[in-house]
Amino acid sequence: MSRGDGGLRDTWWRRTGHSDRTAERSAHEQPAVDRRHALKLMAGIAAMQTTACSAPPEEIVPYVRMPERLVIGNPLRFATSLALNGYARPVIVESHEGRPTKVEGNPDHPASRGATDAFAQAAILSLYDPGRSRVVLQDRQISNWDALLKAVTDVAPTWRSDGSRLRILSGVVTSPTLASQIATVLDAYPGARWHRWQPVNADEVRRGAELAFGRRLEPRYRLDQARTVLSLDADLLGNGPEQVRHAHDFSGNRRARRGTSDLASLHVAEPTLTLTGAQADRRLPLARSAVLGVARALAARWGAPLQQETLPAATLAFVEAVRNELLSRGSDALVAVGEGQPAEVHALGHWLNERIGALGHGVEMIAPVEAEPVDHVGSIKELVADINAGGVDTLILFGGNPAFDAPADLGFGDALKAVRLTIRHGLHDDETSELCHWHVPALHELESWGDLAAPDGAIGIVQPLITPLYDGRSPHELLAALVGRLTASTYEIVRHTWRARANASDFESWWRSVLRDGFIPGTRHAAVAVGPAQLPRLQADIGALASGGFEIVFSPDPAAWDGSFAENAWLQELSRPFTKLTWGNAAHLAPKDAQALGVSDGDRVLLSAGRSQIEIPAAVMPGQVSGTIALTLGCGRRTGAIARDIGTDLYPLRTTASLWNRLGVVLSRGSGHVVFPTTQGERMEGRDLVRSLTSAEFASGPPYEEALPVSLYTAAPRRTHDPYAWAMVIDQSVCIGCNACIAACQAENNTPVVGPDEIRNHRDMHWLRVDVYFRGLPEAPAVAFQPVPCMHCEKAPCEPVCPVEASVHDSEGLNVQVYNRCIGTRFCQANCPYKVRRFNFYGYADGQEYSNLGDPLLEAVHNPDVSVRARGVMEKCTYCVQRISRARRSAEKEDRIIADGEVVTACQQACPVDALVFGNLNDPSSRVSRLRHEPHHYALLGELGTRPRTTYLAQVRQAFPDRSAPPWADR
Amino acid sequence: MSEAVAHPAAEAPSGATYLPRDATYGSITRDIAAPVFAPAGWRWWTAFLVTLALTLVMIFAILWLFIEGVGIWGVNADVVWGFAITNYVWWIGIGNAGTLISSMLLLTRQRWRASINRFAEAMTLFAAAIAGLFPILHLGRPYLFYWLVPYPNVMTLWPQWRSPLVWDLFAIASYIIFSLLFWYTGLIPDLASLRDRARTRFGQLVFGAFALGWRGSARQWRRFDAFYWAMAAMAVPLVISLHSVVGLDFAAGLMPGWQETIFPPYFVVGAMFSGFAMVVTLAVPIRWGLRLETFITPAHFDAMAKILLMGSIIMGASYATEWFLAWYAGNVAERLVTQFELSGSYAPLYWLMLLFNVALPQLFWWRRTRRSLSAIFAIAILINVGMWLERLLIILNTLSHAYLPARWSDYAPTVWDWALLLGTLGFFTFLFVCFVRLVPAVSMHEVRQLAHAQAELEDDDAVLA
């Protein structure tokens, strides 16, 4: 068990208490304090200070001054923004008595519409993360903010005359306040420079726009405008700041309902299976380096004077089919190009979009939202070159983790050590901080004021929901200190920016309305009118695969992103959509390649490229193109209680020249095998557990008869004496498998983290899982996601077998679990056909937590409306009964019944595509009742007669004239 | 069922080969009572110390379980049951045979049972007691096991009567109580003999107290016989119902591989089968250790081997019925589980189980095997292993390969699973080792009756001659 860390933590606490007592006693008994005792006292006092700011106070005292609008027991909600890759995601955060516990999307903002991604859901855990850095460090020793201020003010005068030896390094900055503060610093110290490094950057995107339009712009894809989308290696629906908006917009045209005849279609050419590829109606597995060939061939079909290369038959067929499809849709089509593609492909994409009429319609070009946009690779390259040339004395790093994630060929870590004064501002004492002279703990976004811009440019105000837990500082304070404003408050700094920009007669009421809405109206970037797109100049044979060797394609990790979320245990335990792998990454190999090499899931392989070599366990990825190895970044961190040694670090293979793909990689068998922590065993199956239809089949009539077994009993009459019969319908046509629902469930229902060893023991605790099924050939499979919460069966098999009536039915049709009554026979789970119950084999939330998750501070993350379960107790999805309860309370106060849509389960609320619909079956007009009458409605394992309340809508996919059957039909 | 047991035994002429011709009442009592009064030899001490060590292993395994939780076992979120339930079903099966042998053979007037029924009943008692531990140990919150008992409480809650686990509680509890009474009743005349033979005041007092004032009068014998026979008549349906309930633990479920009407009878026969195998396994060392060769003869083993043979045939038929019905019923999930049984992750164990339970016992068709002590001992042990595997696989195959492929996962036991299994085996033997030193391992009064019957038979022969 690697719960050993938890043991260490216990030891540490005990020792603290012990030294406290020793100190106390010695103070009483011995009037003379000798050196030994003085040290003990100091240790005791230091420890007391750390306890004082982490442990919640134990006394219960009433508020002396009641905060405005607060009713004890009722949560308050505040609009704010959370950053992902530097961009804002608008959210509403729920706070219980001053303690933020849950993140929801901001329904008023088009980038959210009430939904979130998994990262936003997990932000709460990052806030309370006991692994966050707590004190200012100088040369790895505990120091303080004042000492840092002194150090800065000592050297600042030397910058005034010549600032060129002062450098600032940050990630993507979209905050106007931060940008203007940096500008102030650069003004104050002439010659000082601001460098940027974000591992997942848009360098190629902007360069592509420059090639096409002569300006650095960024495309925004409006999938709601498109009936046909061609994605050239663009993971539109994958993780990222735009995921929620893309998914929402796309799903709008993919929802099959009675009478729907035309669904939007999606065509994807990509090297490895992504969330976008999983939704594709036509998918071409294609190496990243070969996408250019497809783009070129397509452009040629629209008359571009380009030299053609000979394409394989499958690729050619794809190009032809996509061309016809794009032509037939007119301007209701768009071409999207992924960030990993070179600028030329982006330029070709723009050119194509202009030809089909998508430009200004489905695709808008906007000015980059990033402040002072630069080429990130170029920027960090320049910084390292200057350091190596001895031109940098002081480097101030904001956020990021360049010592971990900078391109390997730069040797950033070594360069960092050569700088005379390095100051690092960050949330964690990480790889970069270890190499810096100073480390300043940052504030979490939920502790600090600030502002951020969403990918569409709309500015969101970041407002704190809690007093800083540790002695952290905002970047604004540090930047203000650099120009001598040592006592500036972040709040005033942010307000100062907006006082100047608000242009409102009454700033205070403007400010209040902005805080209420969460974003500032009128700050969206307008689409830029662009001239005709130019065709890029192409080298003759750029698209061909380099002869020999494999091609590595990099992408951000669905859980760790670029490494910045690796400390988050909720995200680490979220299973990757296709491999169901948790806690770490793998080298994804095409089935054919894996077979040729003789490796299967978990076998270690060696990847050698240039002088770098990496050993990493392999995972076979259906749908991946042969000849490529897909790797996700961000794992294998070297610091952090949670992140350390989880997965394999792949940054050593990522260089400035091969940021997104690396050619000529040698793949060979490594030694050894690891057992993956996966949450889903088998990935193939042959039964109709997941049902799917082509749109033609869907249109031609009701496909499913209610498949109940013949019974001597009449169908049980639905209870009529109760106004409610709760049920859920899950639409598999639109589910993109993004895991936001799982993360939301975890946050809402206090689901514990079990850790990699327990996942390996198949003891996951998620109440909701997303099963993935593949059909067809492993090289080109069709994919279906099936979210499986508790089915709340009307004839629940778990109920009669429980000897103590811990599993019972309530009058509203909920199958409820009485934790206090449960003695843990586990018969209910043994008898559950859906296997949705979860058992506390250890006290995962109760004394036997994984790693540092038993820290007292983390009790603050719990939703007070949901009990935390003890060891030996069975638990499961409750349909968020606490939310039903809350709605019932307010309905009863008004003497009415709960309206449709008033109860929104956590999973439903987070879902960006509205795939989960919850409601009252006793109300025939409710959404869920109507969905139950859809022709493609079915119950999972309905033939067992369990009469589940959670049911599904079959997956409906477009059928194409050139292919009468969808791809999965060719078994 | 009853024919199955009665038939092979009925062949044996009453008693003729089960006792030496020169056995007298005196010699019988002396030989059987000797181990109780004689100082313990090295054989006993070795057995005592080894089993004591294993008992300590069990105690430690249980303590650690209570400290850490059921997470120390190999069970997981899909295969929620593992060794604990397997052990429970296996031990309760073994616990079945003592009473079955004793009562059924008594009712069918198989007098040869006299030599084995005492320790078979002790075996029942110990096995049932150990079996009763497992349903409690396997609970997530074992300290709340009494919530299964219907008692008036402030929560005003009763147990859930539809749950087979509640039926189980009643079945086990009544069975343990019954087995204890049945065993003790049969022991009373022998306790009186021990009281009369005891040399020490302490022995006289203890044995005297437990003998309940037995004098051996005709009146007492008449009452004794009436009571004992009545209990025996009750025992048979009780044993059958007990194991039917254990079968219902699974059959009342909805899972493929469990929801089968054959389960109750199949479990009863399985219990009888494994119980007889255990009796054989115990009879061999007891006979050797206590020098009871006079009373437990090859003829006894021959009779028991025939019963094992019959059991193996019925087990084979049950397995075949399962396969046939899985195919015939046309239920996909059921077929997949059967397929998984025969070729999945646990298939080697399954084939081993078939070998031990069905194939190997067929050697008992040959008289030479039945009469060979080492052969019958080895096969009996393998049958025990096979029956344990059967119980394990009933659980694992279904839970590892249930309805949704997304939740198919394999089970792997941990060191604590093994420690508890070994520990309880040790504890069982430990109890046995103590038992043979405290009370006569063979029923003296019944062997005396056997000798009497044998003498009468010889007299008849003499008259005829």
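## A bent helix in chain B

Helix α6(B) bends by about 45° at B:Ile188, the bend being the angle between axes fitted to the seven residues ending there and the seven starting there. A proline, B:Pro189, follows within four residues. The helix covers residues 164-197 of chain B, 34 residues in total. From first C-alpha to last, α6(B) reaches 48 Å, close to the 50 Å expected at 1.5 Å a residue; the expected span is 1.5 Å times one less than the number of residues.

## Basis of the description

This is a predicted model, in which local features need pLDDT of at least 70 and side-chain atom pairs count only at pLDDT 80 or more, while totals for chains, interfaces and linings use all residues. Residues are numbered from 1 along each chain as its sequence is written, and chains are lettered from A and ligands numbered from 1 in the order in which they are written.

## The two chains

Chain B has 16 helices and zero strands, whereas chain A has 28 helices and 36 strands. Helices (H or I, at least four residues) and strands (E, at least two) are DSSP runs, numbered from the N terminus. The radius of gyration of chain B, taken over C-alpha atoms, is 23 Å, which agrees with the value near 23 Å for a compact globule of 465 residues; the globule rule is 2.2 Å times the number of residues to the power 0.38. Along the principal axes, the C-alpha atoms of chain B fill a box of roughly 75 × 55 × 45 Å.

Buried residues account for 51% of the 465 residues in chain B and for 58% of the 971 residues in chain A. A residue is buried if 20 or more other C-beta atoms lie within 10 Å of its own, exposed if 12 or fewer, and partly exposed in between, with C-beta atoms placed from the backbone. Two residues are in contact if their C-beta atoms, placed from the backbone, lie within 7 Å.

## Contact between the chains

Chain A gives 40 residues to the contact and chain B gives 37 residues. On the side of chain A that touches chain B, the elements giving two or more residues are α24 (798-801), α25 (827-830) and β31 (838-839). The largest share, three residues, comes from α25(A).

## Nonpolar core

A nonpolar core is a set of buried Ala, Val, Leu, Ile, Met, Phe, Trp, Tyr and Cys residues joined through C-beta atoms within 7 Å. The largest one has 435 residues, and those with the most contacts inside it include A:Leu607, A:Ile629, B:Phe276 and B:Val279. Helix α9 (residues 263-289) of chain B gives the most to this core, with 16 residues.

Beyond its neighbours within four places in sequence, A:Leu607 is in contact with residues including A:Ile552, A:Ile629 and A:Leu667.

## Selected residues

A:Arg947 has a positive phi of about 50° although it is not a glycine. A:Arg947 lies in the loop between β34 (937-938) and β35 (950-953) of chain A and is partly exposed, with 19 other C-beta atoms within 10 Å. B:Leu212, also not a glycine, has a positive phi of about 55°. The loop between α7 (201-210) and α8 (218-251) of chain B holds B:Leu212, which counts as exposed because it has 12 C-beta neighbours inside 10 Å.
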